[in-house]
Amino acid sequence: MGPSAPLWMSVLYYIMCIATLIVGMAMLVKGTVRRLYSLVAVIAVPLFFLNNFHTIARVGVDPFAYWQQSLIEGQWWAWLSLALFLYIVWYWGWLVQRIGGQKEGRSWWKRQQWIWVVLAAAAPVIVYGVQSLDDSVVSSVRTYEPSESRSANEPLGRIFFLYSHPFARDSYIVEADGLHVRNVVTLEAAGVSQLSRGSSTKELLLWSDYTGRHVYRLNRDTWTLVDQEAVSSPLSFASMEGEWEIRSLNQDVNTHKLEVRKGGKLLFSKRFPPYILQVLRAEPHFYVFADAMEQEHGVLYVLDQRGSVVKEISLPTSFARSMAVFHGRLVIATKPRLTIVDPHSWRVAYWGMGQEETQFDQLYVKGDTLWVSYVQRGKSGWLALNDQFKVMKKHELPLVYWEARFYGDYVYALFEPQEGNKADYAGEMNIFHLRTGQLAAKFTAPKQKHNLQTFQVMDEIQ
């Protein structure tokens, strides 16, 4: 990862601004030099800091990276910050000319003025260069001997556990091979909290839904960086499917920006009120589920291929965990009922289990069956629905899982460690047969320096 601006550079900026404020106030009171320039300098410093609340308000966002990205996007506040900083630099050069002795100061200024101008103009470039010196994300990989003894019925999925902390500069990925740890990977990536499949089956997509530094793509075979992109705002949603890339940027408390790319080219960019929870591409539409936070309900936006809103449907729930198309209908995992939308008539129907505390979680279409995981008070499980939304199978667990994933013919359910075992391991993974509900494997997720955030299941590495 391109490291964030080093500490000494941040300190240098602060020292320079504080010194400008103190000297400017002294010159303003004493009147040694022209008061107008000193007054502008005194005003410029607090304005510079206040203006940079655009970055400070985003916890964990690298202010220099965010400033660079905003300059590229033409944000007025970023260019104002640059103008204020250039004035502060010019003010110091002007002080040297005025105070250093008229003749000597003027002579020094004539010799050095171009150096000051070049340094000031190049300041953003210097910061960018420092950040780009190292583009390596993976700092170490501890490899363990792969499991040699596998039963014929053992699940083939490879499990990747993600560990991180929003204020730490390192994260970890533990790759598990059935009951055994295969790799422990240390990443120089701060605060990543989400782990999903990339555009290739051999890629992992890493991003954060609260710090907004970068989006990473890692080759999970070689543990090398495939791509790294700085983002200007935290993400609320990100996915890659083939040549399609969809992401939602949480720009502020009032606006999310949805970006859709195809083959690396921006197809469209559109702003929505927050909070975008799920996006699904199902030709010819894009379905966007947004949480209308103030109204305490949800909104389903239906977009065409150009990003124009075809339909806007208000929904009674503000919660959505996943979406899927099943027999021509859009199904949304909401609570306490599934939300079913007919894209031909835009009629909305609901299906539930008769219990208000039900929270539907993951959707998985396999053949003519829709598998749905759910959480209820004190228990959890999964069930199978046919095209008429009739229950064909139901498997119930006596505990509430932390997170669950469908993969192949199995259900991967991660449970929090029991009270007495929290110091020993980070979580307990239970793998069940999808149709029979029988336990196929069970093991604990190892502890790391940071907390376990999420996990992903991918196919066997050949």
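Predicted model: local features only at pLDDT ≥ 70, side-chain atom pairs only at ≥ 80, totals over all residues.
Residues are numbered from 1 along each chain as its sequence is written, and side-chain values use heavy atoms, with hydrogens and water left out.

So who is the partner of Glu396? Glu396 forms a salt bridge with Lys379, and their closest N and O atoms are 3.6 Å apart. This pair links distant parts of the chain, 17 residues apart: Lys379 sits in strand β23 (residues 379-385) and Glu396 in strand β24 (residues 391-397). Lys379 counts as partly exposed too, at 22% relative accessibility. By salt bridge I mean a side-chain nitrogen of Lys or Arg within 4 Å of a carboxyl oxygen of Asp or Glu. Strands (E, at least two residues) and helices (H or I, at least four) are DSSP runs, numbered from the N terminus.

How many salt bridges does a search of the whole structure find? It finds 16. One of them joins Arg217 and Glu203, with the closest N and O atoms 3.0 Å apart. Here again distant parts of the chain are linked, as Arg217 is in strand β7 (residues 214-219) and Glu203 is in strand β6 (residues 203-207), 14 residues apart. Are these two residues buried or exposed? Arg217 counts as buried because its relative accessibility is 18%, and Glu203 counts as buried at 9%. Another salt bridge brings together the side chains of Glu245 and Arg247, at 2.4 Å from N to O. Glu245 and Arg247 are both buried.

Now let's step back and look at the whole chain. The protein chain has 6 helices and 29 strands. Of its 462 residues, 50% are buried. The accessible surface comes to about 22,500 Å², and 55% of that belongs to carbon and sulfur atoms; these areas come from the Shrake-Rupley method with a 1.4 Å probe, and for residues only the protein chains shown count as cover. Among contacts (heavy atoms within 4.5 Å) with a separation of 6 or more, 48% are between residues 24 or more positions apart.

Next, the inside. In soluble globular proteins, nonpolar side chains tend to be buried together. A nonpolar core here is a set of buried Ala, Val, Leu, Ile, Met, Phe, Trp, Tyr and Cys residues joined through side-chain atoms within 4.5 Å. Which members of the largest core, with its 19 residues, touch the most other members? They are Ile159, Phe161, Tyr163, Tyr412, Met429, Ile431 and Phe455. The elements giving two or more residues to this core are β2 (158-164), β3 (171-177), β26 (410-415), β27 (427-433), β28 (439-445) and β29 (451-458). If we leave aside neighbours within four places in sequence, the contacts of Met429 include Ile159, Phe161, Tyr412, Phe443 and Phe455.

There are nonpolar residues on the outside as well. Leu36, Leu39, Val40, Ile43 and Leu47 form a nonpolar patch on the surface, with about 410 Å² of accessible area together. Patches are made of residues with over 30% relative accessible area and no salt bridge, with like charges joined within 9 Å and nonpolar side chains (Val, Leu, Ile, Met, Phe, Trp, Tyr) within 5 Å. Leu47 belongs to helix α2 (residues 35-51) and is partly exposed, at 36% relative accessible area.

Last topic: the backbone. Most residues other than glycine have a negative phi, and most peptide bonds are trans. Trp223, however, has a positive phi, near 55°; this residue lies in the loop between β7 and β8 (224-230) and counts as buried, at 7% relative accessibility. Phe389 also has a positive phi, near 60°, and is found in the loop between β23 and β24. As for peptide bonds, a cis one joins Pro274 and Tyr275, with omega about 5°, and Tyr275 lies in the loop between β12 (265-272) and β13 (276-282). Glu283 and Pro284 are also joined by a cis peptide bond, with omega about 10°.

Methods. Buried < 20%, exposed > 50% of the residue type's maximum accessible area, 1.4 Å probe, protein only.
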